[in-house]
Amino acid sequence: MAFIVATSLQRASFCARAFSIQKSRWHSRLSQNVRTSASASASSSHDGEENKNSFSFSNSTIATALENFVSNGATFTRPPSFDASATLSVDPSEIRVQQLSPKDNEDFFSRQSAFVSMFRGSAKYIANHRNTLGVYHIPGGLLDLPDHTVFRDLMQDIAITWLLGMQIVLVVGCRHQIRKRLGDINRGQGLCVTDRETLQIVKEEAGSVRFEVERQLARCLRVQGAAPLGGGGHAAGLNGYYDGNVVSGNFYSSQPFGILDGIDYQYSGFLRKVEVEKIRQLHNNRDICLLTSLGVSPSGEVFNVNSECLAAGVGGALGASKVIYFTENDMELRHMIHEMKIQSLRLSDATALLRYHGVKCHKQGYVTIEDESAAVNGSRDVLDMLIRIGWGTRALELGVKRAHIISPRAGAVLQELFTRDGNGVLVSGDIYEGIRRAIVQEVAEIYDLIQPLVESGKLIYRPKATLEHDIDTYYVYTRDSHIVACGQLKLFEDGFAEIGCLVVSKDYRHNGRGDAMLGYLERLALMNGCRSIFVLSTQTMEWFLERGFDAATVDQLPKSRQATYNHLRASKIYIKKIETPRDLDASELWWNR
C-alpha cells in the first residue's frame, strides 16, 4: 500500500510545493530499500557481480523484491494526507496586481479589436433575425461532395442560426442521388415522369438523405444547446438546457400533375397544403422541421414533389422572413461592364434576368427553358443558379420577404445573415414600387402635401414657382394615382447628396412610406456616386438619428452648400455614410420585416 501511495506521489507532477520535500524523502527511502533487496536477488543470479552505477528491473523483479522486503518485517511510514483540491489552488502570496504597460495594453486590444468589431457589427443582425422564420433548401448534391466537411460544417452553421433564435424549416432534395442511379429520366414540358419503379428509388434516396441530415444536425443541436432564458419551460431538457430535435413527418400534402399534353406523369406531383399549425407547434418547442420531396395525398398516395418549389411554397404559407437556397458550387452575379459583384436584386430585376435567359419557374413545381444550350452557353451550374433565382422570385410572390442564394462553404450562411457585407445573392421585394420622379403637372398636389408642415415650421416655405423650377429633383410615392409622400434629392460635389422636403401624408405615416421614400432616395444617391448623404432638420432630428444619421457641423458640408446655409434658421445637420448597397439592405431589415 505504501509503495502504491509513493508511486502516485511520484507521478502527480501537479502537487503543491508544500508536499514536494516530503514526497522526495519518501520516494528516496522506498527506492533505497527496494533497490537493496532487488540487488541482493540479482547478485545471486549473476555470480555475485554488481553494477552500482546503473541497473534496471522488470516489474516482476520489483514486485518480488517488494514482497521479500515486506515479509522480512520492514514497515513504511504513510505520508501525510492532503486535500487534492488544494493542489489546484494558487498561493495568494504569489499573486501580484499591476498595471499593463502601454505596449502590452496596445498589443492586447489590437488582438481583440477584430473580434469586438465583428461582434458589435453582428449584434443588430442577430437581434433582427431572432424569432423570425427561415426555410433552408438543401440540395442532395451537398451530401455527396468530395469534401465531406462542407456538409458537416453547413449543419453546424444552421444549428448556430437556431441557437441565435431563428425558427427553421429544412427542405432536403435528392435529385442528385436519383440521377446517379437512373440518369436523366423521361421529361415532358420540363417535368420528370415518376413511374412506380422510379418512385421506389425516390423513397429510398429521400429516406437516406433525410436520415443523414437528421444525424448530422441532431449532433450539432446537442453541441449548440443553450440554457433557457427563464430557466425552464417545456423546451428545456436535461440540466435546464434546450435540447432541440429534428422532426420530420407529413407536414404537407401533395397532389398529382395528372395528364398534361397527353403525357401521364403518374407519381409526379406538387404541393397542395401546408400544415401550418403543426409546424408552428414544433417551433414553439424549439424543434426544427424537416421535409423531403415525398408528399402524401389525402387518399394516401405518395408523390414526388420538386423540392425547390416546395421550399418556396412552405415559406409562403408560413409567412417566412426568408427562403435560403444553397448552391452546389460557388456562384455569383457580376456586372459585365463595371465588373462589380452584384449581391442584391429587386424582384423586378430578377424577373427581367430570368426572362432574358428564357427561364420560367411554374407554380406547379417545374421549370421551362426556351433554349437551354443558348441561354447559358450550356453551363449546368449557371442554369442551376438561374433556376434557384427563379424559385426565389416565386417565394417572394407567395409572400416571403427575402430569398437568398448562398454557397454552402466557409460559413457563407452566417456571413450572409449576420454581417453587413454578406456572402451571396439577395432577392427582395419591390418595396419601392410606386415611387417615381415627379412631373410638372403634380406641382400643385406636392404644394398641398407639404403646406401643413410649412405652417408648423418644420419645413421652409417653397412657392409653386420654386417647386416647378426644381421639379426634376423631386420624387413622389403614389397610391391609386394620388401622391402620399414626396422627397427631394440634390447632388453636390465631392460625393455629397442632400435629401430634403421628405413628407408623408398623415394618413400613411404608420405604413413605412417614409422609410421607403428615404431608402429610395439613398439608393438613388448611391447610384449617382454619392457616398455622403446629409439632411437639415429643425424638429425631426430623432427620426434621422434612428436611421443611421450622425450629427455634423456646417464645415462638414460641401463648399457650395455651406455658402447657402441659413444661419438664422440654424437647422441641425446630419450626415450618413454609405459604402455599398448592402448598407441599405441592412437598414431595410428594420422597417421591412
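What share of the 593 residues of the protein count as buried? The figure is 44%, where buried means under 20% relative accessible area, exposed means over 50% and partly exposed lies in between, with a 1.4 Å probe and protein chains only. The model is predicted, so that local features need pLDDT of at least 70 and side-chain atom pairs count only at pLDDT 80 or more, while totals for chains, interfaces and linings use all residues. Residues are numbered from 1 along each chain as its sequence is written, and side-chain values use heavy atoms, with hydrogens and water left out.

The protein has 19 helices and 27 strands; these are DSSP runs numbered from the N terminus, helices (H or I) having at least four residues and strands (E) at least two. Among contacts between residues at least 6 apart in sequence, 72% join residues at least 24 apart, a contact being heavy atoms within 4.5 Å.

We can begin with helix H5, which covers residues 149-163. Its 15 residues reach 21 Å from the first C-alpha to the last, close to the 21 Å expected at 1.5 Å a residue, the expected span being 1.5 Å times one less than the number of residues. The buried residues of H5 include Val150, Phe151, Leu154, Met155 and Ile158, and Asp157 is also one of the buried residues. An α-helix has 3.6 residues a turn, so residues three or four places apart point the same way. Just after H5, Gly165 takes a positive phi of about 105°.

Helix H12 (residues 380-397) has 18 residues and reaches 26 Å from its first C-alpha to its last, close to the 26 Å expected. H12 is mostly covered, with 13 of its 18 residues buried, and just after this helix Gly399 takes a positive phi of about 115°.

Which residues of helix H10 meet H12? They are Leu347, Ala350, Leu353, Leu354 and His357, and their partners in H12 are Leu386, Ile389, Gly390, Thr393 and Leu396. H10 (residues 347-357) and H12 pack at an angle of about 140°, with their axes 10 Å apart. That makes H10 oblique to H12, since angles under 35 degrees count as roughly parallel, over 145 as roughly antiparallel, 65 to 115 as roughly perpendicular and the rest as oblique. Axes are lines fitted to C-alpha atoms, for helices over the stretch in contact, and angles run from 0 to 180 degrees between N-to-C directions.

Helix H9 (residues 307-318) also meets H12, and the two axes come within 8 Å and cross at roughly 25°, so H9 and H12 are roughly parallel to each other. Here Glu308, Cys309 and Ala312 in H9 meet Trp391, Arg394 and Ala395 in H12, a contact with four nonpolar, no polar and two charged residues.

Two single residues complete the walk. Thr198 lies in helix H7 (residues 196-224) and is buried, with a relative accessible area of 9%; Thr198 and Tyr267 are 69 residues apart in sequence and 8.9 Å apart in space, C-alpha to C-alpha. Gln441, in the loop between strand E21 (435-437) and helix H14 (443-455), counts as exposed at 67% relative accessibility.

Key
Nonpolar A, V, L, I, M, F, W, Y, C, P; charged D, E, K, R; others polar.
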